Amino acid sequence: MEVNISRENNTITVCFSGRLDTPAAQEITPQMNALAEEAFNTIILDCSEMSYISSSGLRIFLTIRKSAADKGAKVIVRGICDDIRSVFMMTGFLNLFEIQ
Amino acid sequence: MKSEKKDNKKPGISVRLRVLLVIVAAITLEATSIIQFVYAQREIKQEASLRAKSELKSAENKIMDVVDQAEAAVRNSIWIAEWCLEYPDSLIRIPQLVVGKNPAVVGSTIALVPGYSEKFPLYSPYATRDLETGEIKILSLATEEYDYPTMEWFTKPIELNDSYWSEPYFDENGGDILMTTFSMPVKDKNGTIAAILTADISLDWLTELIGEIKVYPNAFNMVISRSGQIMVCPVETLVMQTTVDQFALASEDYEALDRVNHAMLSGQSGEMPVRYQGQANHVYFSPVERTGWSLSIVLPEKELYSGVRRIGMIVKLLQLLGLAMLIVILRVATKNQAKYHRLNEQKERMENELHIAREIQMAMIPKTFPPFPERKDLDLAAAIIPAKEVGGDLYDFFIRDEKLFFCIGDVSGKGIPASLVMAVTRSLFRAMSAHEDSPAKIIASMNNSVSETNESNMFVTFFCGVLDLNAGRLRYCNAGHNPPMILTDAIRMLPVEPNLPLGILSGMDFIEQETPFLYDDALFLYTDGLSEAENATQEQFGEARIEQTLHGRKRSQDHLENIKQQVSLFVGDAPQSDDLTMLFIHYLGHANKKSHHLTLHNSIEQITLLPDFVDAVAEEAQLDHEAIFNLNLALEEAVTNVIMYAYPEGTDNVMDIDARVDGKRVSFVITDSGKPFDPTAKEAVDINAEMGERPIGGLGIHLVRTIMDTVNYERKEEKNILTITKNY
């Protein structure tokens, strides 16, 4: 699992690549928690290179979503494959996120 | 033809038997009545003899009474007469005395022996009582006409030198009075007979007395004198006119009469049979002493036995009536018996035929176990325990084109109709499944046939299954039968559509169902004879008990034996009221199937081992990418749960993951030895909740539930066992 974070004009873009399974989620959780504390207007979660996500990954997404909502910031999920889309569907995440 | 002959023969035997019975009865009755008649005759004869003798004795006594009076009158006067001999003039008073003092004496005389007295050479004063006035007149018998010295009453006592009773005679002076005379010699001092003293008695009373003896209405009595003179006799013309000897001589029956005459005249007493004018008679006779008379009673045998003969006739009539009734009763009885016999025979024949029919049916259904010894992928056993009354349970199975066709059914009701419908149903099953693979279609066409010919409104609950032995797929259709038990990871009732039983409505559609039926899966089919088997307290065996007995892996035959044993223990002595039918199918196909196993430590890092494991399983199950993704996700969530919650942090423990692919079904069994933890007990996540209400956790089990078809948790032997299954 690789995570690339870039910041530009109050917009944070997070690129995930690989499998966001439980061990991977555990691994990136501290980094993501820190990210959630930052100030931003928009956060883009780029999943174009992400092949898999489990509930631990979804939990990270949810944490970011909640944190963004607190500051009135926007969360955009970008480039999810069909597999992950179906996971989003199963969990009701399609309604929680702006999907691009 | 055979039965007709038999029917004709039966009455033939009974007719002979009937005739024999009647003959025996007739002989017995006749013999009894003859013996009775003989004994009765003997008794009657004895009785008559006794009566006759007693009558004779009584008559004799009465006669003797009169005789004694006469004798006494004379004897009492003898000494006076002897005394008077000295004074011949006074002799005239003696007869007067005899008559006067003795009412029984009608006349008396003292007749001097001629020449004894010089004064009266012939002297015989006779005193007689006038029958009308009662006055005593004195006559003299010493007349020339009478010539008393020649008279019997005079000569005989002198001749005998003793007293003497004369022969009876008609009194010449006193009219038609029958008389007899007692005479006694009167002797002088020298002992010379000087005179004869007599007393006459009338015998009129004798006829009367004898007439009174009436032993039997037609019997008659006779008195004869010493010489055989008939003194008393019903034929009046014979009285004093003839002797018995004369009578006998004149008769054709001389010999018989002579014999009895001889006996009577010789003073004997007794009885004798005498045939006279073709009639048998009995003559009882007895002498009257001193007078030399003989009394007799003549009794016609006809008269004697008329009573017993009349009774005999009545008895004979009754016997004939009885025999006639016996014949009628026997006839009716044999008719009824024949009828009953015929009915019984018919019933027996029907029952026999029914049993034969049932045996034929039983022979038609497969009964050799194991039925397919060459097949390693199937272990099948079946059993029917028939109730006492023939019932309508059936099962059947056969393999065609690598498919196992099987069925179980229960015809409503019992007895002949059920049995017949069962045979028809079984034949229909074979016929319809010969070219048809769909259980629903097989059942539909069976239903049409049964419904069209169903005049007795019977129906059949029927379960039909087709097991594809290669694909491990079971298609089935249930027409109102109780659902079978399916034994996979757990034992449960096979879900069945509520189709109507066969025979209710023609043209109906039946819903077919399908289930994977994989290696080691088993199906247990049964009829309500098992679930509704009752013990003495009317408690039913029930499905719970069936399920209990099915636990554990056994050979099919052993399963059935076990159930039979359990049922018989449960039922005890209560009679089995219904057929009990069972079919156990254990599928052992896909023998070359791989088994998948993975052991994980309770570390999150171990999750990375799952994708390869899932890939291997998915390869066997030939799953696409999406399915693999989902399976991986579900398994990861399930395993993460165990890693996170089952064991205390920092300890090293393991869990086992077993995966099974059964055709189109994939299942994972996750076993750990941690603390009891049931992930399925977690509350479901509301995925539609607003952002603010969404909790962070709980998504994992939600995903498992969403992806998999079944999620089953078990705590067994200190282990958590989570089974998740997905059908494709």
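Is B:Arg290 buried, exposed or partly exposed, going by its C-beta neighbours inside 10 Å? B:Arg290 has 15 such neighbours, so it counts as partly exposed. The model is predicted.

Most residues other than glycine have a negative phi, and most peptide bonds are trans. B:Arg290 is not a glycine, yet its phi is positive, about 70°. The residue sits in the loop between strand E11 (279–288) and strand E12 (293–300) of chain B.

B:Gln622 also has a positive phi without being a glycine; the value is about 55°. Its loop runs between helix H14 (610–621) and helix H15 (625–645) of chain B. B:Gln622 counts as exposed because it has 10 C-beta neighbours inside 10 Å.

B:Phe369 and B:Pro370 are joined in cis, with omega about -5°. B:Pro370 belongs to the loop between helix H8 (306–364) and strand E13 (378–385) of chain B.

| Residue | C-beta neighbours inside 10 Å | Class |
|---|---|---|
| B:Phe405 | 23 | buried |
| B:Pro88 | 17 | partly exposed |
| B:Arg290 | 15 | partly exposed |
| B:Gln622 | 10 | exposed |

B:Phe405 is part of strand E15 (residues 403–411) of chain B. The cut-off for buried is 20 or more neighbours. B:Phe405 has 23, so it counts as buried. Beyond its neighbours within four places in sequence, B:Phe405 contacts B:Phe397, B:Phe398, B:Arg400, B:Ser433 and B:Val466. B:Pro439 is 34 residues away along the chain; its C-alpha atom is 8.6 Å from that of B:Phe405.

B:Pro88 is a loop residue, placed between H1 and helix H2 (93–101) of chain B. With residues up to four places away set aside, B:Pro88 touches B:Ser117, B:Lys119 and B:Phe120. B:Glu118 is 30 residues from B:Pro88 in sequence, and their C-alpha atoms are 9.8 Å apart.

**Nonpolar cores**

The largest nonpolar core has 70 residues. Which of them touch the most other members? They are B:Ala195, B:Leu197 and B:Val223. Helix H1 (residues 2–84) of chain B supplies the largest share of this core, 11 residues. Two domains of chain B, domain 1 (2–204) and domain 2 (214–304), each give the core at least three residues.

B:Leu197 shows what surrounds one of these residues. Not counting residues up to four places away in sequence, B:Leu197 touches B:Val74, B:Ser77, B:Ile78, B:Ala81, B:Ile94, B:Ile110, B:Ser183, B:Met184 and B:Val186.

Another core, of 67 residues, lies apart from the largest one. Among its members are A:Leu20, B:Leu598, B:Ala634 and B:Leu635.

**The contact between the chains**

How many residues of chain A are in contact with chain B? There are 19, and they meet 20 residues of chain B. On the chain A side, helix H1 (22–37), helix H2 (55–71) and helix H3 (82–91) are the elements that give two or more residues. H2(A) provides the largest share, 7 residues. By class, this side of chain A has 8 nonpolar, 7 polar and 4 charged residues.

Technical notes. Residues are numbered from 1 along each chain as its sequence is written. Chains are lettered from A and ligands numbered from 1 in the order in which they are written. This is a predicted model: local features need pLDDT of at least 70, side-chain atom pairs count only at pLDDT 80 or more; totals for chains, interfaces and linings use all residues. A nonpolar core is a set of buried Ala, Val, Leu, Ile, Met, Phe, Trp, Tyr and Cys residues joined through C-beta atoms within 7 Å. A residue is buried if 20 or more other C-beta atoms lie within 10 Å of its own, exposed if 12 or fewer, and partly exposed in between; C-beta atoms are placed from the backbone. Helices (H or I, at least four residues) and strands (E, at least two) are DSSP runs, numbered from the N terminus. Domain bounds come from an automatic or database domain assignment. Two residues are in contact if their C-beta atoms, placed from the backbone, lie within 7 Å. Ala, Val, Leu, Ile, Met, Phe, Trp, Tyr, Cys and Pro count as nonpolar, Asp, Glu, Lys and Arg as charged, and the others, Gly among them, as polar.
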